[in-house]
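Please keep the model in view while going through the numbered points.

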Amino acid sequence: MTNHWVDIKNANVIIVMGGNAAEAHPCGFKWVTEAKAHNHATFVVVDPRFTRSAAVADLYVPLRTGTDIAFLGGVINYLLSRDKLQHEYVKAYTNAPFIVKEGYEFNDGLFSGYDEAARTYDKSTWAYEAGPDGYARLDVTMQHPRCVLQLLKKHYSRYTPEAVSNICGTPGDTFLKVCELIATTSVPDRTLTFLYAVGWTQHSVGSQMIRTAAMVQLLLGNVGMAGGGVNALRGHSNIQGLTDLGLMSNLLPGYLTLPGEKETDYRKYIGARAFKPLRPGQMDYWQNYEKFHVSLMKSWFGNAATKDNNWCFDWLPKLDKIYDVLQAFELMHQGKLNGYFCQGFNPLASIPNKAKLTAALSRLKYLVVIDPLDTETSCFWENHGKYNDVDPARIQTEVIRMPSTCFAEENGSLTNSGRWLQWHYRGAPPPGDAKPDAEIIAGIFLKLRDMYRKEGGAFPDPILSLTWDYDIPHSPAPEELAKEYNGKALADLADPKDPAKAVLRKGQQLDGFIQLRADGSTSCGCWIFSGAWTEKGNMMARRDNSDPSGLGNTLGWAFAWPANRRILYNRASCDPSGKPWDPNRRLVYWDGSKWTGFDVPDFKPDSAPSEGMGPFIMQPEGVGRLFALDKMAEGPFPEHYEPFETPIGTNPLHPKVINNPAARVFRDDMKDFGKSRDFPYAATSYRVTEHFHFWTKHTRISSILQPEQYVEIGEDLAKEKGIKAGDRVKVRSKRGFIEAVAVVTKRIRPLQVNGETVHHVGIPIHWGFKGIARNGYLANTLTPFVGDANTQTPEFKSFLVNIEKA
Amino acid sequence: MALQSLDITRRSATTTPSPSQRKTQEVVKLIDVSKCIGCKACQAACMEWNDTRDKIGTNHGVLDNPMDLTANSWTVMRYSEVETGRGLEWLIRKDGCMHCADPGCLKACPAPGAIVQYSNGIVDFQEENCIGCGYCITGCPFNIPRLSGKDGKVYKCTLCSDRVAVGLEPACAKTCPTGAIVFGTKDDMIHHAEGRVADLKSRGFAEAGIYDPLGVGGTHVMYVLQHADKPGIYHGLPKDPSVSAMVTLWKGAVKPIASFALAAGVFGAFFHYVTKGPNEVSEEIEKEFKDEK
Amino acid sequence: MKNDPKKLLRFTPMERANHWLTAIIFFLAALSGLSFFHPFFFPLTQLFGGGVWTRILHPFFGVAMLLSFGGMFFRFKQQNVITPADREWLRHVREMAGGDDRNMPEAGKFNGGQKLLFWLFAACMALLILSGIVIWRAYFSFLFPVEAVRVASVVHAAAAAVMIALIIFHIYAAIWTRESIDAMLYGRVRRAWARQHHPAWFRQMTGGEK
């Protein structure tokens, strides 16, 4: 979230799209009801299904699954063509006036630079035009034909209300009603918030869906505002923390990135990440990249990391490609990956195309599962009748299960969607032999290190030199790990303003990442978490909920990264002169000598408004990007591409380019995509509120509340197929089938799309062949093995099925 | 189940006053249907707090589960897909005991002290006094009490009388994530509900209102409804519930009168005997049949 | 001698046994039922092992009553067919209660009052059994809509009250009419008694003697 849960209450318009907050985030959803009750907010839900969120919405808007970019592109077109922008904001805080390089083009569904064979783009034209001073050129009148605003207008002029209605199936008048409502927040004293979740991320164009929402918010001047922003509601209780600590295979903690295989030179590695400012006077915060990186390496390798060995840069793996989970299972399937550690993860249930996964796991030499539960993955080799029909005799994979604790059985911090690190305490001792994950991993590490010490082996250095100074080496305490990611001074740190004075003595905990140095005198395990455990103690355990502004910015409650900042880009809540756009939403302001207020300013604290520094300090140009330059795989402007399995078989905008041209598709998976003539119905998978992923089918109360697998279909489709509520039905995709009870509902209605009637089939995911709820089929038997072009998050939300009475 | 013993305003099958020296404030659980997202957290909290567990059931083609109130499930969510002037609405009502001011169950109950009403308005079953006749089920206008197959006692929502007695709110209200369930004094809750109704009216629900039916003397569980004119669309919430005339007839004044009538009959017979004497064989006939004696 | 063969046989041993079995069951059913009738009677549950046992047993008493009374019903049904003479008898019942039997038509084995009582018993029993099934919560109530259960509850209570009143009357009539109880206890009645109270029956039994 750019903002945070409590801040939702400040919104005037709330749009839940690409998510179902009431269903999946019922606790955080209270802030939506707060906004409605106390801020008279209007609440809109845009979804293929009339969800539990829609049940309490002022307006429910149907759309076909996977068409969110078309919808939001239409909103952009509406805002631009009716001139419903926050003009001053757009001009000063976005790259709308920036001039794009000549050569940039968009024709027939493809941007300039496409390489069809490699399914990638040469992005060199997706850039600003540089002026003679080396900086990006801009036209403050925003009339230049190649300025971002004009290109934006041109790009989205195709997204007329009729086109939107034709692609999305949303009735035209309903779409316009949403547009009008959204447009009301273009004034400085009204804000809109977008709440989304995996309903956006889990598409082959998921990242671009989110970006489109961000662009809408930039045009409306809602980013950085209380009650505004683009807000990802995270799924697992600590998936935010996991992402922050380097969840993805190409990331290091704190969103630092691993070098690619061609990046063997340390200086070039740093140079490519510490971007040069694209406009004069910009903060361009990533210029500090090396401080974060060196401190991370000092944290990992201690004295072994020196300036002379480039802080052990050579020890870092160099990526030839991204090793996301789809890639890993593809390699496993090809027999190129033979051992797999599966920690707090149930891929057999959670990853698409169960048949492929089972085949892949069966080719492993060994599989290690670290989990509190008896997961399907750890039992993939067991025969469970029709639910897991495998022959154990033919599977040679050795499976090792290590029971771990669950979150309530250990101390630690959970990072919520609002980036708050909240410390929690153990509620109960773990059962049996279950051990904390850290202890299990420590045990494996110590054993390995011992083997390397005794037996040598190839490249032992990173293992032997890894810092491991925990009080109990085989059981690192959560408190020790927390202090480690906060970071500490490795030498006395001199005050930059008065070198005679030390701000910190050697060994002291850092106050924040502002103290990080690139000279090896600081260590920090995750720079964005720095400040979480200072000399004052555990900041994550703070529980002061005083709220002086009334906006819900409780700076004394826990710790929010970065720097205890609650609302990102909050400098943008003020006009260029430093005065809040809306006096009732005073987050920060310029008091004549410094930035101050009710939040930690996301800005250089002493940079006067007259200096002209932009509010988006992480960007080299200091402004928000309507044009994404080369940051996205499939283009600088989001474009509507159909899901890989599309019910209409074409893309009404450009029939030659139907799906995301930059999405990675493994060769063998292409043939596993279904066509609408065999699988005519648009399916979407989702969670229901009674359950949490594949965990709570192991708990009695959740299993009582929703005991048995079901699928949801509309009354029209049910009638067509002769299916009655409560019948057992078989749902089939190109990749397999499941059987479940049919829930026949008015809440899923057929949509008119491109001259056809599209029915949706809703597929909740929570059942499997383990646990105490009634056994069911893993829903991901059905889903396709393709992911978002940027994140490789699988396309769980849009695929094709057929359905019949079982 | 109860922790209260000095603030009992009514007690089933009891004709003398109950301990009522202590007076507590009238409480209400207000369920704002317009805020309810149907997450079933209240169902979970109810099971957790009361330590009751139904069997793991099956899906019946709807999201409701368990499908009905049981001796273990004292509250269930009722989902109704309804077409109104606003288009499709998904009305989700938390069903459970309404804690009537004039409780039909208590009226019907023949077992002394099996059902009590506290001065705070909570109607509470005291299962140790329950004889399992099910008359409360017959008496309830909302179809709430459920007979346990395990112990032959009836169970229903206690409004967490054990929690309320020590100053806590009911478990469902405590857990409700959206604030759709709130708990407080009746005055406060009506005030709160009026604010909610005003908000709903401003959003186009012209018939929004409070459900506090007078036919049962008002209730201590109240609803805020978007369509208060049509409670029936909320999964059959009765429009104008009252204790059935049959129950009033059955449990009203007729029975004591009938009891007196029977007693009067016995007395009448006795006095008939002493005034008119026995009906004996006449002397003439006795003479005729002298030989018999 | 109680069983003097000169006396007239009014009730066979099986008839007497059936009657008294029914009487006992009636008392069990009535006392257990009364305990739910009004709080005043609730202490009667102590006779049956407490409230729960009373609730469990009462319907089974009803079932027993159905069988036992049913036996009586079929045994005596023919003898209780109401004749014009019985109607005439009933028209003069007030005089009878006042102790004046001069205008009473001759009664057969059973007089009009007894016959009417018989049919009222049967009617009450039918209502009690039918309504009793509907309100038998443990096994049957869930089969019926709640409004039916409510009506049945009223019917059951009302029929029970009437039944009890009838039984009180029945008992009193037996006490009032001396030697009637002996008839049911020992089976035989004096000819004088028969001549007095049931002259037509007397003639039938004695072949017109005197």
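1. Chains in contact. There are 2 pairs of chains in contact, and chains B and C share the most contacts of these. The model is a predicted one, and the points below should be read accordingly. Chain A and chain C, by contrast, are joined by no contact. The closest C-alpha atoms of chain A and chain C lie 23 Å apart.

2. The interface of chains B and C. At this interface, 36 residues of chain C are in contact with 39 residues of chain B. On the side of chain C that touches chain B, the elements giving two or more residues are helix H1 (13-37), helix H2 (51-76), helix H6 (146-176) and helix H8 (191-197) of chain C. Which helix gives the most to this side of chain C? H6(C) does, with 13 residues.

3. Composition of that side. The residues with which chain C touches chain B comprise 19 nonpolar, 8 polar and 9 charged. The student may wish to colour these residues by class in the view of the structure.

4. The domains of chain A. Chain A is divided into domain 1, residues 325-463, and domain 2, residues 667-805. Taken over C-alpha atoms, the centres of domain 1 and domain 2 of chain A are separated by 27 Å.

5. Contact between the two domains. In chain A, 19 residues of domain 1 are in contact with 22 residues of domain 2. Helix H15 (347-350) and helix H16 (354-362) of chain A are the elements that give two or more residues to the side of domain 1 that touches domain 2. The residues of this side of domain 1 of chain A divide into 9 nonpolar, 6 polar and 4 charged.

6. A sheet in chain A. In chain A, 3 strands form an open sheet with parallel pairing, in the order S12-S13-S14. Its edge strands are strand S12 (339-343) and strand S14 (398-403) of chain A, each of which pairs on one side only. On average, and with direction ignored, neighbouring strands of this sheet are turned by 10 degrees against each other.

7. Pairing within the sheet. How many bridges join S12(A) to strand S13 of chain A? There are 5 bridges between S12(A) and S13 (residues 366-371) of chain A, and the two strands run parallel. Gly339(A) may be located as an example: it stands opposite Tyr366(A) in S13(A).

Terms used: Residues are numbered from 1 along each chain as its sequence is written. Chains are lettered from A and ligands numbered from 1 in the order in which they are written. This is a predicted model: local features need pLDDT of at least 70, side-chain atom pairs count only at pLDDT 80 or more; totals for chains, interfaces and linings use all residues. Two residues are in contact if their C-beta atoms, placed from the backbone, lie within 7 Å. Two strands pair if DSSP finds at least two bridges between them. Helices (H or I, at least four residues) and strands (E, at least two) are DSSP runs, numbered from the N terminus. Axes are lines fitted to C-alpha atoms, for helices over the stretch in contact, and angles run from 0 to 180 degrees between N-to-C directions. Ala, Val, Leu, Ile, Met, Phe, Trp, Tyr, Cys and Pro count as nonpolar, Asp, Glu, Lys and Arg as charged, and the others, Gly among them, as polar. Domain bounds come from an automatic or database domain assignment.
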